[in-house]
Amino acid sequence: MSGQAVPEPDVPRPAGEIRWSVAAAAVAIAGVAVLPRFMTGALAVQITEDLGFDLAELGGLFGIYFGVSAMGSAPLGRVAEWRGWSEVLRAAALGSAFTLIAIALVAREAWVIGLLFVVGGLTATASKSSANLALARSVPPEKYGFLFGVQHVAVPGATMLGGLAVPVFGLTVGWRWAFVTAAALAVAAAVAVPSERRAAPVPGGRTPHHSARVRTPLRTLALLAVAAALGIGAVDSLASFVVVYAVDIGFAEGTAGLLLALGSSAGIVTRLIAGWLIDRRQQAGLPGIAALLAAGTLGLIVVAIGGRGWVVAGSLIGFIGGWGWSGLLTFAVVSANPEAPAAATGIAHTGTYVGAAAGPALFGLLAEHVSYEAAWWSTAGALALATVIMVWVWITDRDGGMAVVSGATA
């Protein structure tokens, strides 16, 4: 994989030109599409008390959500290449709106949320692949870094909104109204999706998208997917359980929600700074990803040590390192696969969803049946292993193009 390619000739994209309406829609829908899961995590204290289920069942719900996402990631990436980003983005936003409003109106038991999370999980993975494709087709390569960083702000942004929903809705009018409000945001995002400049058909009724080729070796994408699974599994466990853990060790519910919002904000800032640095240097290397994963490991070790003061400092470091790297990985995969960005990221992000499915589920089991301390130490170990894998790919794939990927020539 050389990382050298020319933008598709049928897609006009002069140097320096950004379709801001597309970029805004991609970022917005990447955010609203994951609201069902992160609103549930942030409002877990109120939801579990209302519906009467425990931490293990909560982790199982998250496992369903991201398990479905993992299974749909690669095929839905191909669907986005085939159908186009506009159609899939709009469907993802409407799917999220349906999931949110249905949870608000009909969820009375945990299994109902689990059933609705099947739709929500497919929505989440469809939004990510189509958002990656929309940005790749509408943004010059020299601007990839910052805008992919902005796109990856979607998840911590959704988490921040979930954290703010605790004092605004959960402790006032009730958690269901938070889901109704989020559904309205998803509908608004669907309406705002702009039209796509589709490629002209070629002989045989096919378009250039049908022959899109993933250049990165499958072995490399598989290793990156494993590292992403471990990394995202750990930080999503932090996002899912830091509120209930903080309440368990003595924080007020509103304060715990604000802690989640603060940590998410730190993740947002990190992703934006990382994207800005990519655009300045026009390259992203696996050592930088490994360094952020190592920082996240340190943060979760601090959380595992225990205590009110430790959970504040550790969670902030954990969010900074644990969430700061994902935009860099997407930049690298998209830049290396300009002909098939949605398909390539669909494969790499399969690990993201596997980790997001398994991580919170295992955390919930450990917290419920062993201890919170065991759960936190396990998540720290997962981030440490992700760091090792990234370093391994960097060392062994120096000739494969993933050690340092240039965006200027993508």
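The side chains of D50 and R176 form a salt bridge, at 3.7 Å from N to O (a side-chain nitrogen of Lys or Arg within 4 Å of a carboxyl oxygen of Asp or Glu). The model is predicted, so local features need pLDDT of at least 70 and side-chain atom pairs count only at pLDDT 80 or more, while totals for chains, interfaces and linings use all residues. Residues are numbered from 1 along each chain as its sequence is written, and side-chain values use heavy atoms, with hydrogens and water left out.

- D50 sits in helix α3 (residues 44–51) and R176 in helix α9 (residues 175–191), so the pair links parts of the chain 126 residues apart (helices are DSSP runs of H or I, at least four residues, numbered from the N terminus).
- One salt bridge is found in a search of the whole structure.
- D50 is partly exposed, at a relative accessible area of 43% (partly exposed lies between buried, under 20%, and exposed, over 50%, with a 1.4 Å probe and protein chains only).

**Nonpolar core**
- The largest nonpolar core has 118 residues, of which L43, F179, W376 and M390 touch the most other members (a core is a set of buried Ala, Val, Leu, Ile, Met, Phe, Trp, Tyr and Cys residues joined through side-chain atoms within 4.5 Å).
- Helix α10 (residues 218–248) gives this core its largest share, 15 residues.
- Beyond four places in sequence, M390 touches residues including L224, L286 and L329 (contact means heavy atoms within 4.5 Å).

**Around A165**
- A165 lies in helix α8 (residues 154–170) and is buried, at 4% relative accessibility.
- Apart from neighbours within four places in sequence, A165 contacts M39, L43, G170 and A178.

Technical notes
Helices (H or I, at least four residues) and strands (E, at least two) are DSSP runs, numbered from the N terminus.
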